[in-house]
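I opened my notebook to look at how a protein holds its ligands. Come along and have the structure open beside you.

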Amino acid sequence: MEVKTSLLDNMIGVGDMVLLEPLSEDSFLDNLKKRFDHSEIYTYIGSVVISMNPYRSLPIYTPEKVEEYRNRNFYELSPHIYALADEAYRSLRDQDKDQCILITGESGAGKTEASKLVMSYVAAVCGKGHEVNKVKEQLLQSNPVLEAFGNAKTVRNDNSSRFGKYMDIEFDFKGDPLGGVISNYLLEKSRVVKQPRGERNFHVFYQLLSGASDDTLRKLKLDRDFSKYNYLSLDSAAVNGLDDAANFRTVRNAMQIVGFMEDEVQSVLELVAAVLKLGNIEFKPESRCNGTDESRVKDKNDLKEMCELLGIEQSVLERAFSYRTVEAKMEKVSTTLNVAQAYYARDALAKNLYSRLFSWLVTRINESIQAQTKARHKVMGVLDIYGFEIFENGDNSFEQFIINYCNEKLQQIFIELTLREEQEEYVREGIEWTNIEYFNNAIICDLIENNQNGILAMLDEECLRPGTVTDETFLDKLNTICADHQHFESRLNKNSKFLNDHSLPHNCFRIQHYAGKVLYRVEGFVDKNNDLLYRDLSQAMYKANHSLIKQLFPEGNPAKVNLKRPPTAGFQFRASVGTLMRNLQTKNPNYIRCIKPNDKKASHIFTDSLVCHQVRYLGLMENVRVRRAGYAFRQPYEPCLERYKMLCKRTWPHWKGPAREGVEVLMADLQIPAEEIAYGRSKIFIRNPRTLFFLEEKRKQCLQDLATLIQKIYRGWKCRTHFLLMKKSQIVVAAWYRRYAQQKKYRNIKSATTVVQSYTRGWQARKLLRELKYQKRCEEAVTTIAAFWHGTQARRELRRLKEEARRKHAVALIWAYWQGLKVRREYRKFFRANAGKKIYDFTIQRIIQKYFLGLKSNMPSMSPIDKKWPARPYGFLDGVHTELRKIFHHWRCKKYRDQFTEEKKAVYEEKLEASEIFKGKKALYPSSVSQPFKGDYLEISKNPKYQKLNSAVDEKVLLADVVNKINRANGKGTPRIFLLTKKNFVLADQKTGQVKASIPLPDVTSVSVSTQKDGFFALKLKEGSASAVKGDFLLSSEHLIEIITKLHRIGATAADREKLKVDISDEFLVQFKQDKVCVKFIQSSPKNGNSVSCKRKNNRLLEVSVPTSP
Ligand SMILES: Nc1ncnc2c1ncn2[C@@H]1O[C@H](COP(=O)(O)OP(=O)(O)O)[C@@H](O)[C@H]1O
Ligand SMILES: [Mg+2]
């Protein structure tokens, strides 16, 4: 649902000044201030929008805002420039009415911003599409170009437009933009040559020098340094927040979008450069022979460069700066220029060059943006022009005069159009037209523009008049001609009224404009109006070899010499204002009045005096008055009824009939005086704002009552529903609680009952138990007594029976003995002969049988070392038992032996022999039992090292081992290989394998060893044999037992020899060559080392110490 709103809702102050009550300058300012303080920068006067410059960006220009204001009625929302733009655009599109938007205000008040806002709004809401967008873009991009050339930093505004601009935007029947036409007014060209303090020249100069590439600058013969150019003020060359270099790029880009050719841009820049160069040309006086001073160019370099830039012949221009040719009726008179005149000529040229360039730019832009179709189109004009300008101290000059004249004209059409519109509306609505009292400023316009005696006409007359013409003569003229005019004031007036008015200086005149009195200083009026450029200069320009320059100075064409003076500035302006006014008059006007709140460009500051001043000269009070002349407020019936229907019982809540009748009933009910209201065809008209506020006030109260009512009902409803809900909840809670309480109580009673019950039952049970126990005890007592009694009875009986039985047994025994005695006596002789022996034999047989069977099942294992044997059962079997054991053992040893191979048998035989020789005789023996007799420890046949040795013995080697041969001199051992064959033994060198001694076995008579654990043995040789020459051998070996056993065996098996004798004793003699040495074995403690050591004690004694084993 669309929310119906109204301008009257949430108003801060009043949104429309027409509603101001009472209307006075103070209340007007208060209202503006109040709204400004709340960031409400827009306020209406009827359909006029007052815009205060906020000097900060406000969030009220977003796309959402555009949508909010789009297609809404003007008074529907709070005041906004978009509302005005929308209204204008819609009546242009839908009602086919051409529109113009007139934006006025002093410099820095926000006119240019406002015009851009209007254009951007229209661009946002109008149609879209490729072509349309291109047109839009071109229209919007014309702004940066014109701003670069036409705007400058001033003390009031960093981006002040120094020209008036009117732009017609053309639309097709659908409301899509087709193109536009721009008109420019009154460029402030004096700025080109001189700028007031704190201000700058036009932006383009700075932009060019900061933003152009080095290459471009070289081509233009320019230097980046601002200080090199006389025309550029250095005061504020750099402006905060203004990036000249970036803007230069923007401008070039905009020029491209608008449609400037590259060479056109270049030409434009050349002209800009030429103006800068021109400013640097300086003159010096040169005395001539006739005594007059003539000017000469001081430094020709700048002149030369400028001429090169523009393609002008240097001499031509130089001459034009020194001479002036006046042509009159076929006569040419040439006069020289003095230095002052030369400077004047130079500046005039610069100003003209620049202003003409600016006009050319406008024309060129127009060429690009003009509508392409000739079809009929609708037009929206946007006028951005100075408002009234009043400088303090009467510093107002020709420019202010012209501007104020323009504003006077605008006010005139404002009055005309507003009244006309008012009148038309009255006629449309069928309301009687009552004459409206207002001030008509036609009389002031007449004072200025009247063809015969208007001020402008007289200025022109003065300028064209031959003879000396000065500003003073002009003022004199005014004094005579305008003396009687009500709005003209002058000190030298015949009218004696001002003779003593000291606020009015002699060289000034004052005009009472509709917006206030303005004091003008006549100085410069004539010159500025003449706007003279010497013909020599324009001709020099025309001669330039530069297409653009040529175009700009068409009057320099010698073929078209026009002796008539060019039209004066005043004349031209009056003409263009005339055209503008005629143009505006055909259109529906929309006004935006811009006001700046302070002089500091600061947000949030509202300077009363400054605003008051502007309100005055913008004629805003006058606006309100005109607007309120008839009826201050009007509204269609439907919204009116909708808004106020609650004020009357008959229309509330619904009125069934036509809206107009409803409103009539309503007004009658409210007793509004008849003269206060008029009923039109579709609208009600309210004469006085007071009445409207009365209605609003009533409505507000009523709304409050209604709100209270709604609130009351709502609260009642809310409380009731809440109460009901609470009540329902309470019942539920109570029910649950009761249930819980009852359950708890029940459980308590139940458990109490159980306790009581259990006590009772316990008591009963105990009672019963007691009774039962008593009963049982009684029974037991009875039983015990009975038992005792029966016991006594039984024992008595038993004793009796035993006595009886004993007696019976004794009788039987005696009887049996007696019978036995009798039988034995009878059969004794038969029994002794047979039965005794038989019983004995049988018994023995049985016993032996049992013994053998038991032995069979208890046989020990077949292992010969198993010592187990079953125990004998009877002593008489002792001998048999031992014998059987022996037989079994022999039998199983035989079984064991039967399994042996021949080699094993030999080994065992050797082992057996070793045991026979050493067992119990030498302590070394037990440790040798478990060692197998390997024989060949050196693997002599396989080892290649002993190949030679192996071949030296021809018998089979029975034993090969390394032994130590003990040296008799010191008792030390030398390792030797010991080989034993069947026939001999061989001692050989261990390393080389060389045979040291080979002894046939028959030469060995005996072997001596100790009883201890050592491996020493002495081989004694047969005295007188060949081998015995060197003496006996004392050797030691780890395999002593094996070596001696083997030696012994060989001796035992050989048939031809005696048995080898083995002596075992701890002291024996050894024959070394001639001497006999005693070898003695002693036991030593193991502390001295674990090895056997042999030491020579003296010539006859070798002592071997053998450690005892631990
Ligand atoms: N509606 C606005 N919102 C924000 N700032 C504004 C607005 N209107 C004007 N201004 C500020 O004021 C400055 C002067 O405005 P401008 O339109 O150039 O003044 P004028 O054209 O009247 O001389 C702008 O540069 C801008 O900073
Ligand atoms: Mg401006």
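**Around the ligands**

I began with the shell around ligand 1, where helix α4 (residues 111–125) gives the largest share, three residues. Helices here are DSSP runs of H or I with at least four residues, and strands are E runs of at least two, numbered from the N terminus. I kept in mind that this is a predicted model, where local features need pLDDT of at least 70, side-chain atom pairs count only at pLDDT 80 or more, and totals for chains, interfaces and linings use all residues. Residues are numbered from 1 along each chain as its sequence is written, chains are lettered from A and ligands numbered from 1 in the order written, and side-chain values use heavy atoms, leaving out hydrogens and water.

Next I looked up polar contacts (pairs of N or O atoms within 3.5 Å). A polar side-chain atom of Asn53 sits 2.8 Å from an oxygen atom of ligand 1. For Gly108, a backbone N or O atom is 2.7 Å from an oxygen atom of this ligand.

Then I turned to the magnesium ion, ligand 2. Which protein donors does the magnesium ion have? I found Thr112 (OG1) and Ser161 (OG), lying 1.9 to 2.0 Å from the ion; donors are N, O and S atoms within 2.8 Å of the metal (3.2 Å for Na, K and Ca), and sites may look incomplete because water is not among the atoms. Thr112 belongs to helix α4 and Ser161 to strand β5 (residues 160–161), so the pair ties together parts 49 residues apart in sequence.

Last, I checked burial (under 20% relative accessible area, with a 1.4 Å probe and protein chains only). Thr112 counts as buried because its relative accessibility is 17%. Ser161 is also buried, at 13%.

How values were computed
Polar contact = N/O pair within 3.5 Å; in protein donor to acceptor, adjacent residues only side chain to side chain. Buried < 20%, exposed > 50% of the residue type's maximum accessible area, 1.4 Å probe, protein only.
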